Amino acid sequence: MSTEIITLMVWGEDFEQELRPLIKAFYPGAQFQVTKETWDGCPVKDAASFLRILKEQDAPWDYAFLLYPQEGYFAARGKEGWQAGEFHHIPANAQRRDYRNVMMRGFYRMLQERSERVLPWGILTGIRPTKLMLEHIEAGESESEVRAYMEEEYLCSKEKIDVGIEVAKREHKILSSIDCAAGYSVYIGIPFCPSTCYYCSFTSFPVGVYGGLMDDYLAALEKEIRYAGDALPEKQLHTLYIGGGTPTTLSEKQLDRLLTCIEENFDLSHLKEFTVEAGRPDSITKEKLAVIRSHKAGRISINPQTMKQETLNLIGRRHTVEQIEETFYLARELGFDNINMDLILGLAKETPQDVAKTLEKIGKLSPDNLTVHTLAVKRAARLTTNKEEYEGLEAKDVQKMQRFSSEFAAANNYYPYYLYRQKNITENLENIGYARPGREGLYNILIMEEKQTILALGAGATTKFVFHNKNQLERVENVKNLKDYIGRIDEMIARKQNFLARFGREL
Ligand code: SF4
């Protein structure tokens, strides 16, 4: 079957960001092209003029969409019979935000009619739907007001509003007990992995090739940690998260060195949560877990993604299902009482029944947190760059898998406590973090809802400075390339120093 081609013609830059993901959600897998026009007045007034413009474009298309915000026009054409395009008018004096939603709703309905599909999140294309709900709850609105708003303004389904409200209410309760502005959090990235998963788009370097740089990387990271320890003297450190990559690719000695450096440079007396994302079972040993425990990291993550061996092999994870189970029991033996496990729905060739079996096995382990992701295919992932290799392996019926996982969570005393979406996420769904009561990962809430400044250290890490008085967020990025990070560590530190010298007092 040939890939459908979609052309979107927009006047200037306006709304492309919003329309592109909405149209893509209705036509997943289609090839997408955008042309930016600078017409002096919208040249499309009817079906015939639309066709003429498309012919002038001289580009292949199966579906064509046009947006001309200045005159409040948008239109769609399919190839079937060259029927008339649909035009809708938006009042000229509307505010951009209102105008945006009016335009998106109109576009959504047009797409819905043409594709006979419904998107569970309606016109919400951003990655943080619960942030919006939380803002309304914080403003004192009742649950029914928030529900009506999400339904009427964003066309969200009842099912998604239910889970979103549940998450936002839980977050509101947890955040109410913390003075977010008085604190900050720290993320430390270890960008090495035993091998590269086929869906990976993170900053990750296989140990087999880049292992020789680990000590130099640690030395650069220690320098950044020494700087960060004093960077925000007015604030208390609330949460610490070591992620990656796979932090447990570090040797026992290197882990000890890193954790000791953290202890020596940060005041941990106000710390509410310390997570080490152990991640891949093929990198975890009893000795490494013992080191993590001796440095008082209370929360770890052991991530199976699936408990089906065939899938683990297909996605490039070189470990067995038994290794996942052994590692989990080892961690319990060593006293870890807050363990998260990550799953991904929609992995190669998996069926809802496979997911049900995975959940059954997870149920026996009984972790404290369960994070259920839906596969999101990013541009940099092998799944995209080596497309032919994975052709025909697409999973089907991911919504059913998601239903199985939420039913499993409800039956096993797990509650949804954070939720986010990603670009190109399968079937336009979401990722949900579940936790047993009192075991919610605070860092996850803080980062998702952008409630606190997070100093991010390491290659590819992005620091997010939150301006509480202005409800604004600014990013300061580190370079992704390992050698660049090591060689330019002073510059990475200077970027944060310069930012704080200019704006530090406003945080
Ligand atoms: S474990 Fe995570 S970071 Fe490492 S390769 Fe797999 S997806 Fe990427």
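## Exercises on a predicted protein model

The protein has 18 helices and 17 strands, taken as DSSP runs (helices: H or I, at least four residues; strands: E, at least two) numbered from the N terminus. This is a predicted model, in which local features need pLDDT of at least 70, side-chain atom pairs count only at pLDDT 80 or more, and totals for chains, interfaces and linings use all residues. Residues are numbered from 1 along each chain as its sequence is written.

**Exercise 1.** State what radius of gyration the protein has and how it agrees with that of a compact globule.

Solution. Step 1: the radius of gyration is taken over C-alpha atoms, and the globule rule is 2.2 Å times the number of residues to the power 0.38. Step 2: for 507 residues a compact globule would come near 23 Å. Step 3: the protein has 24 Å, which agrees. Step 4: along the principal axes, the C-alpha atoms fill a box of roughly 70 × 55 × 50 Å.

**Exercise 2.** Determine whether leucine 221 is buried or exposed, and find its contacts outside its sequence neighbours.

Solution. Step 1: leucine 221 belongs to helix H8 (residues 214–228). Step 2: a residue is buried if 20 or more other C-beta atoms, placed from the backbone, lie within 10 Å of its own, exposed if 12 or fewer, and partly exposed in between. Step 3: leucine 221 is buried because 23 other C-beta atoms lie within 10 Å. Step 4: two residues are in contact if their C-beta atoms, placed from the backbone, lie within 7 Å. Step 5: with neighbours within four places in sequence left aside, leucine 221 is in contact with Leu457 and Gly458. Over the protein, 41% of the 507 residues count as buried.

**Exercise 3.** Describe the side of domain 2 that touches domain 3.

Solution. Step 1: the assignment, which is automatic or from a database, gives domain 1 (5–115), domain 2 (129–175) and domain 3 (178–496). Step 2: the C-alpha centres of domain 2 and domain 3 are 26 Å apart. Step 3: twelve residues from domain 2 and 14 residues from domain 3 make the contact. Step 4: on the side of domain 2, helix H4 (129–138) and helix H6 (158–176) are the elements that give two or more residues. Step 5: H6 gives the most, with eight residues. Step 6: this side divides into six nonpolar, two polar and four charged residues, where Ala, Val, Leu, Ile, Met, Phe, Trp, Tyr, Cys and Pro count as nonpolar, Asp, Glu, Lys and Arg as charged, and the others, Gly among them, as polar.
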